[in-house]
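User: I'm new to this one and would like to see how its descriptions follow from the numbers. Could you walk me through it?

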Amino acid sequence: MIENKKLGEFIETIQDNCDISDAAGSGIFSICGMALRLRDLSKWEKGLKPWEENDPEELLNWIDLKEQLWEKTEELDFKPLPLLGREYDPFDTHSINQALSPFHLFYGAGYAHSLKPTFFLAGIEKIYDLDGTPVILLGRELVRDLLTIPALNQDGAILIRRDAAGLFLWDQMVYLKKSGQRFLRLGLRHCGLPDFGIESRKLHFQSILSVQEQTYIHHEIGEIRDRVFDHQVFREIVSEFPRTPVELLARTVKDLLADTGPQGTLKDIIATKNITRLGLYAAFQDGLFRPLFPRLRPAVERFASDRDWEGIEEARQEGFQTARQYAGDLTAMFCENPGRENLPLVETQIKERLLQPLGV
């Protein structure tokens with residue numbers, strides 16, 4: 001599959017587009033954020049396990065070469081992808097994946113946070129149907145950019161990027177704040193780990209990851225089926241306010257709707273009574289998610305003692321109503337002041353009425 005000469009130029013061109021995107025988008029990250037992403041990208045290139053680290057000198061040399069490459073590519077346009085005698089727009093994912101179907105490969109492309117373009121190509125491990133929605137489990141990635149995105153939905157299907165998901169989950173556990181540790185321990189305890197040490201997490205990592213994959217899947221299900229936050233309005237908001245607290249708020253509200261909605265993450269955790277997933281879910285909430293959903297962690301703390309799933313359901317419903325209200329407010333402020341000349345007014349209203357009460 002990988003050695004097929006028919007795909008050589010196609011794969012190289014995807015890599016070129018990844019380099020162009022990374023060069024142009026590197027400025028959206030903080031110094032620490034960029035360091036973590038470069039570290040993960042280097043691990044992926046060398047096929048290291050999530051907990052294996054590069055030699056520091058080798059990593060610095062690799063970063064230097066990467067930055068030299070970016071200097072040459074940051075002003076370039078994305079290239080069309082040559083595939084089986086045709087050229088494709090790099091964002092025409094549907095047509096490209098139709099052409100790739102004989103090779104058991106899957107191509108992903110889109111716009112992530114701060115509207116950074118993102119691209120990847122991976123082998124397909126498994127495809128199955130979940131209540132009418134295709135779920136595609138992807139294995140070894142042949143090409144990827146800086147962004148370690150564990151899951152996404154594209155062209156009506158849910159994609160689980162197992163390479164990226166492993167790196168993402170390990171980093172979440174390693175860099176978890178103290179306030180989340182007790183929830184992580186709750187999750188790990190019910191995942192069958194004999195203790196909470198690093199070696200135990202390494203030994204049982206695939207079990208932890210397989211549990212977390214279900215959370216990723218049901219988050220994407222919740223996002224696809226959400227009817228509260230109009231998808232077109234959301235896209236317009238993030239495109240007009242990239243790299244701002246407004247974009248962050250819109251994305252967090254969208255994620256909260258997916259997680260607390262009637263067909264989303266928490267609803268499935270409650271239905272399956274999966275304590276491991278509940279503990280991990282509570283552990284990894286951070287940023288704007290916490291002031292928007294303040295009842296979650298207290299509810300999980302009580303659950304650790306009383307095992308009352310009804311308390312989690314009540315918290316879910318409250319979180320959903322909060323997300324619904326914020327989605328409505330964002331939509332109203334944006335749509336009632338149309339035109340680019342009104343964007344400063346919209347931004348001011350959102351900051352004063354929605355963000356400041358959250359402490360932003």
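This is a predicted model: local features need pLDDT of at least 70, side-chain atom pairs count only at pLDDT 80 or more; totals for chains, interfaces and linings use all residues.

User: What else is known about the second largest pocket?

Analyst: Its volume is about 350 Å³. The lining has 17 residues, and those closest to the centre of the pocket are Pro50, Arg162, Asp163, Gly166 and Gln206. Helix 2 (31–46), helix 5 (162–174) and helix 8 each give two or more residues to the lining.

User: Which classes of residue make up that lining?

Analyst: There are seven nonpolar, four polar and six charged residues in the lining of the second largest pocket.

User: Why is helix 8 called roughly perpendicular to helix 12?

Analyst: The axes of helix 8 (residues 205–225) and helix 12 (residues 275–283) cross at roughly 75° and come within 10 Å. Angles of 65 to 115 degrees count as roughly perpendicular, so helix 8 is roughly perpendicular to helix 12.

User: How do you know that helix 8 and helix 12 meet, and through which residues?

Analyst: Contact means heavy atoms within 4.5 Å. On the helix 8 side, Ile208, Val211, Gln212, Gln214, Thr215 and His218 take part, and they meet Thr276, Arg277, Leu280 and Tyr281 in helix 12. By class, this contact has four nonpolar, five polar and one charged residues.

User: What makes strand 3 and strand 6 edge strands?

Analyst: The sheet is open, with five strands in the order 3-4-5-7-6 and mixed pairing. Strand 3 (105–111) and strand 6 (151–154) each pair on one side only, and they are the edge strands. Neighbouring strands of this sheet are turned by 40° against each other on average, direction ignored.

User: How do you know that strand 4 and strand 5 pair?

Analyst: Two strands pair if at least two bridges are found between them. Nine bridges join strand 4 (residues 117–130) to strand 5 (residues 133–144), and the two run antiparallel, so they meet that cut-off. Within this stretch, Lys126 stands opposite Leu137 in strand 5.

User: Which helices lie on the sheet, and at what angles?

Analyst: Helix 4 (residues 93–100) packs on the sheet, where it touches strand 3, strand 4 and strand 6, and its direction makes about 170° with that of strand 3. Helix 8 lies across strand 4, strand 5, strand 6 and strand 7 (157–161), and runs at about 150° to strand 7.

Key
Residues are numbered from 1 along each chain as its sequence is written. Side-chain values use heavy atoms; hydrogens and water are left out. Axes are lines fitted to C-alpha atoms, for helices over the stretch in contact, and angles run from 0 to 180 degrees between N-to-C directions. Helices (H or I, at least four residues) and strands (E, at least two) are DSSP runs, numbered from the N terminus. Angles under 35 degrees count as roughly parallel, over 145 as roughly antiparallel, 65 to 115 as roughly perpendicular and the rest as oblique. Ala, Val, Leu, Ile, Met, Phe, Trp, Tyr, Cys and Pro count as nonpolar, Asp, Glu, Lys and Arg as charged, and the others, Gly among them, as polar. On a 1 Å grid over the protein atoms alone, a cavity is a set of points where a 1.4 Å probe fits but cannot get out, and a pocket is an open set with protein on both sides within 12 Å along at least five of seven lines; lining residues have an atom within 4 Å of a point. Grid points are joined across faces, edges and corners, and a volume is the space filled by probe spheres set on the points.
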